[in-house]
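Subject: A structure for you to look at

Hi there,

Here is the structure I promised to send over. Have a look at it first, and then read on for my notes.

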Amino acid sequence: MPQKRGNKVIFNTRKHSNEKVYDNIDTLETALLNKNKVIFRYYDLDMNHKKVYRRDGHHYVVEPIALVFNEDNYYVSVYSAKHDHSKLPY
């Protein structure tokens, strides 16, 4: 049965165990549509399921350019002015 989330209809998916994922996806989609930047930190979970931030909690500021849903996984493609390689010859 298709699921409707915001303005998306998603087919053939399992319900994600972490409902916060859907809030994050909505935030990223809004930023993408409004051409806004987002800020985030990478983290891992330790053995006690506590967040351990990478790079001492470094904040990344990026512009989302695409959202991808594939095999029950969400991905975001981003542009980062800090890592702009568009001027390199390819």
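This is a predicted model: local features need pLDDT of at least 70, side-chain atom pairs count only at pLDDT 80 or more; totals for chains, interfaces and linings use all residues.

R55 is found in the loop between β5 (51-53) and β6. Its backbone deserves a look as well: phi of R55 is near 50°, a positive value in a residue other than glycine.

With a relative accessible area of 73%, K35 is exposed.

Now for the overall layout. The protein chain contains 1 helix and 7 strands, and reading from the N terminus the elements follow the order β-β-α-β-β-β-β-β. Of its 90 residues, 19% count as buried. The accessible surface of the chain is about 7800 Å², and carbon and sulfur atoms account for 53% of that. If you look at contacts between residues at least 6 apart in sequence, 30% of them join residues at least 24 apart.

The sheet is where I would go next. Three strands make up an open sheet, in the order β3-β6-β7, with antiparallel pairing. β3 and β7 (73-79) are the edge strands, each pairing on one side only. On average, neighbouring strands in this sheet are turned by 65° against each other, direction ignored. Helix α1 (residues 20-34) lies across β3, β6 and β7, and runs at about 115° to β6.

Here is how the strands pair up:

- β3 and β6 are antiparallel and share 3 bridges; I39 has V61 in β6 as its bridge partner.
- β6 and β7 are also antiparallel, over 7 bridges. E63 is bridged to Y79 in β7, and F69 stands opposite Y74 in β7.
- β6 and β7 form a hairpin with 2 residues between them, and E71 in the turn has a positive phi of about 45°.

S80 sits in the segment after β7 and is buried, at a relative accessible area of 16%. Leaving aside residues up to four places away in sequence, S80 touches V61 and V62. V61 is the residue already mentioned as the bridge partner of I39.

How many aromatic pairs does a search of the whole structure find? The count is 4. One of them is F40 with Y42, an edge-to-face pair at 5.2 Å centre to centre with 85° between the planes. F40 is partly exposed, with a relative accessible area of 28%, and Y42 is partly exposed too, at 40%.

Y42 also forms an edge-to-face pair with Y60, at 5.1 Å centre to centre and 80° between the planes. Y42 lies in the loop between β3 (38-40) and β4 (43-45), while Y60 is in strand β6 (residues 60-70), so this pair ties together parts that are 18 residues apart in sequence. Y60 itself is buried, with a relative accessible area of 18%. Through these ring pairs, F40, Y42 and Y60 are linked into a cluster.

R41 lies over the face of Y53, at 3.8 Å from the ring centre. The charged end of K51 sits over the ring of Y43, 4.8 Å from the centre of that ring.

1. The open sheet β3-β6-β7, with helix α1 lying across its strands.
2. The hairpin of β6 and β7, with E71 in the turn.
3. Buried S80 and the valines it touches, V61 and V62.
4. The cluster of F40, Y42 and Y60.
5. The charges over rings: R41 over Y53 and K51 over Y43.

Best wishes

Note on methods:
Residues are numbered from 1 along each chain as its sequence is written. Side-chain values use heavy atoms; hydrogens and water are left out. Rings of Phe, Tyr and Trp (its six-membered ring) pair if their centres lie within 6.5 Å; planes under 30 degrees apart count as stacked, over 60 as edge-to-face and the rest as tilted. Buried means under 20% relative accessible area, exposed over 50%, partly exposed in between (1.4 Å probe, protein chains only). Helices (H or I, at least four residues) and strands (E, at least two) are DSSP runs, numbered from the N terminus. A charge sits over a ring if NZ of Lys or CZ of Arg is within 6 Å of the ring centre and within 35 degrees of the ring normal. Two strands pair if DSSP finds at least two bridges between them. Axes are lines fitted to C-alpha atoms, for helices over the stretch in contact, and angles run from 0 to 180 degrees between N-to-C directions. Contact means heavy atoms within 4.5 Å. Accessible areas come from the Shrake-Rupley method with a 1.4 Å probe; for residues, only the protein chains shown count as cover.
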